[in-house]
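Please look over the structure shown here before reading on. The report then turns to aromatic rings, to charges over rings and to one helix contact.

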Amino acid sequence: MSAFEVILWTSIVLLYLWKGLKQYLQYFWLSKRVSYIAGSPMVGALKDVLLNRTSFPQMFVDLYNEPKTRNDAVSGFYFFQKPCLLIRDPELIKRILVKDFSQFSDRRMRSDPKSDPIGTYNLLAAKGDTWKSIRSNLTPIFTMHKMKNFFKLISDVCEDLRDKLAKDIPSKGSAELNIKEVAALYTIETIASSAFGFKINSFNNPDCDFHRNVHEIINPSNLKQKLKLAACFFFPEFASVLQLKFVAKEAQEFLKASVLGVMEEREKSGLKRNDLIDAMIVMKNTQKDIFHTNAILAQAGLFLVAGYETSSSVLSFALYELARHQDKQETLRKELMDFAGSEKEIPFENLNNLKYLDMVFQEILRLYPSLPFLERICQPSAGAKTYSLAPVHEFSVPKGMPVYIPVISVQRDPKFFPDPLSFRPERFAATADPPIDPRLLLGFGQGPRHCLGSRLGALQVKMALITILLKYRLSVCEKTPQKVLFTRKTVLTQSEKPLIVNFTEI
């Protein structure tokens with residue numbers, strides 16, 4: 001047989017295998033009477049992401065709005081060869097996240113415990129009883145009572161923010177600023193202060209090791225690490241084989257040196273700040289079986305990354321939308337000035353009275369959720385092999401199947417939010433018609449695994465908005481993007497282009 005014939009017959013066989021696999025994958029869902037979103041037989045719905053044609057948030061928007069299936073409560077699809085279920089129905093979302101949480105308590109995401117213990121033991125990725133123990137011990141750190149202590153720490157950072165803006169913006173003049181960069185410097189400073197008790201002076205030293213390493217964890221410059229990070233979410237079954245890491249080795253070493261160093265100094269001095277470090281010292285000394293060194297570092301790493309990215313993104317998108325909507329900006333500024341008075345400051349006790357500020361925050365979280373999806377693994381009750389979706393759907397979810405809730409798609413669905421792509425804080429007013437369905441507000445998650453630091457994140461963002469809007473008016477300029485396109489560099493919801501707006505001193 002000639003070389004040409006070998007190539008020809010090999011191509012024919014591969015073609016038939018390709019078609020056969022494609023038909024088999026489709027048959028699985030059709031046999032279950034579940035609508036099916038076709039993808040590549042090898043990589044499934046991830047094809048365009050892996051080819052760098054689209055972003056992760058846009059992938060979930062496209063899956064959700066697939067024309068043939070968009071009106072179905074659930075649809076089947078694949079990530080690689082793993083059958084997954086996409087959830088669209090509000091009642092099913094509530095059941096999975098809240099009512100029947102015990103049957104969907106774990107996330108699918110996973111990294112290699114040997115090469116990435118920090119990524120394995122953090123609260124976001126921890127599973128089963130380990131997650132329960134960590135969660136119950138960390139919860140007291142983020143009570144409403146503790147927010148007053150965080151308020152004092154963040155107030156000091158807001159003073160630094162004022163000084164930074166005063167240097168960059170001429171007195172009674174204006175300047176064009178990249179608000180994502182401003183927001184990032186502000187949030188990393190608040191996290192360093194409120195959680196770890198030290199000042200990194202990020203506004204004057206934006207390239208400091210602390211900021212650089214935290215940013216690298218979220219947006220790795222190394223292509224290999226980017227692929228590993230994505231695989232932790234969508235290909236976790238091979239975590240050990242591929243040595244998948246949420247946190248690269250260099251960043252792990254940085255966290256170890258920073259966190260353990262602060263803990264050691266704190267224990268020697270006896271200083272108490274009622275922050276994350278104090279709580280972790282107590283846990284380390286009283287529950288060594290759960291809070292060993294890697295578990296301690298994992299919580300610190302998660303707090304850094306989650307607090308940094310969520311708050312900085314929400315803040316930058318809020319400033320962007322307020323610059324584009326002068327009427328909303330003026331409504332918010334009037335509310336702030338009414339409460340601030342001549343002191344140009346708003347005490348902690350009055351923050352809950354800023355209703356329009358809260359509406360702005362909620363609307364940004366709706367439009368731009370930092371994590372565009374939530375995922376869970378089906379773990380039916382003892383003795384059961386499946387979880388029934390009845391009466392919403394006749395399908396029963398088998399044990400081990402991942403279910404995905406596309407947060408960004410649900411929160412931009414015109415069935416639930418009229419004119420969903422418009423920035424309309426008023427939709428969150430108590431008198432709004434139609435009222436918001438609380439089952440569909442997923443920016444911080446819902447149920448027992450909702451974001452533990454949501455109160456602190458909201459406090460960070462709101463205090464920065466107060467600081468900025470009481471002194472500066474925001475407006476668009478030639479460099480301001482007319483539309484936000486999501487970056488393809490990360491699984492998170494981030495703008496592809498710099499968000500640049502004009503700041504004018506009032």
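The predicted model holds 28 aromatic pairs. One of them joins Phe77 and Phe79, whose rings lie 4.9 Å apart from centre to centre, with 85° between the planes, so that the pair is edge-to-face because an angle over 60 degrees counts as such. Phe77 is buried, and Phe79 is buried as well.

## Charged side chains over rings

Two further phenylalanine rings carry a charged residue over the face. Arg366 is placed over the face of Phe417, at 5.3 Å from the ring centre, while Lys462 is placed over the face of Phe361, at 5.6 Å from the ring centre.

## The contact of H15 with H18

Helix H15, which covers residues 326-340, and helix H18, which covers residues 454-469, have axes that come within 10 Å and cross at roughly 95°. Because angles of 65 to 115 degrees fall in that class, H15 counts as roughly perpendicular to H18.

On the H15 side, the residues in the contact are Gln329, Leu332, Arg333 and Leu336, and on the H18 side they are Leu465, Ile466 and Leu469. Sorted by class, this contact of H15 with H18 has five nonpolar residues, one polar residue and one charged residue.

Conventions
Residues are numbered from 1 along each chain as its sequence is written. This is a predicted model: local features need pLDDT of at least 70, side-chain atom pairs count only at pLDDT 80 or more; totals for chains, interfaces and linings use all residues. Side-chain values use heavy atoms; hydrogens and water are left out. Rings of Phe, Tyr and Trp (its six-membered ring) pair if their centres lie within 6.5 Å; planes under 30 degrees apart count as stacked, over 60 as edge-to-face and the rest as tilted. Buried means under 20% relative accessible area, exposed over 50%, partly exposed in between (1.4 Å probe, protein chains only). A charge sits over a ring if NZ of Lys or CZ of Arg is within 6 Å of the ring centre and within 35 degrees of the ring normal. Axes are lines fitted to C-alpha atoms, for helices over the stretch in contact, and angles run from 0 to 180 degrees between N-to-C directions. Helices (H or I, at least four residues) and strands (E, at least two) are DSSP runs, numbered from the N terminus. Angles under 35 degrees count as roughly parallel, over 145 as roughly antiparallel, 65 to 115 as roughly perpendicular and the rest as oblique. Contact means heavy atoms within 4.5 Å. Ala, Val, Leu, Ile, Met, Phe, Trp, Tyr, Cys and Pro count as nonpolar, Asp, Glu, Lys and Arg as charged, and the others, Gly among them, as polar.
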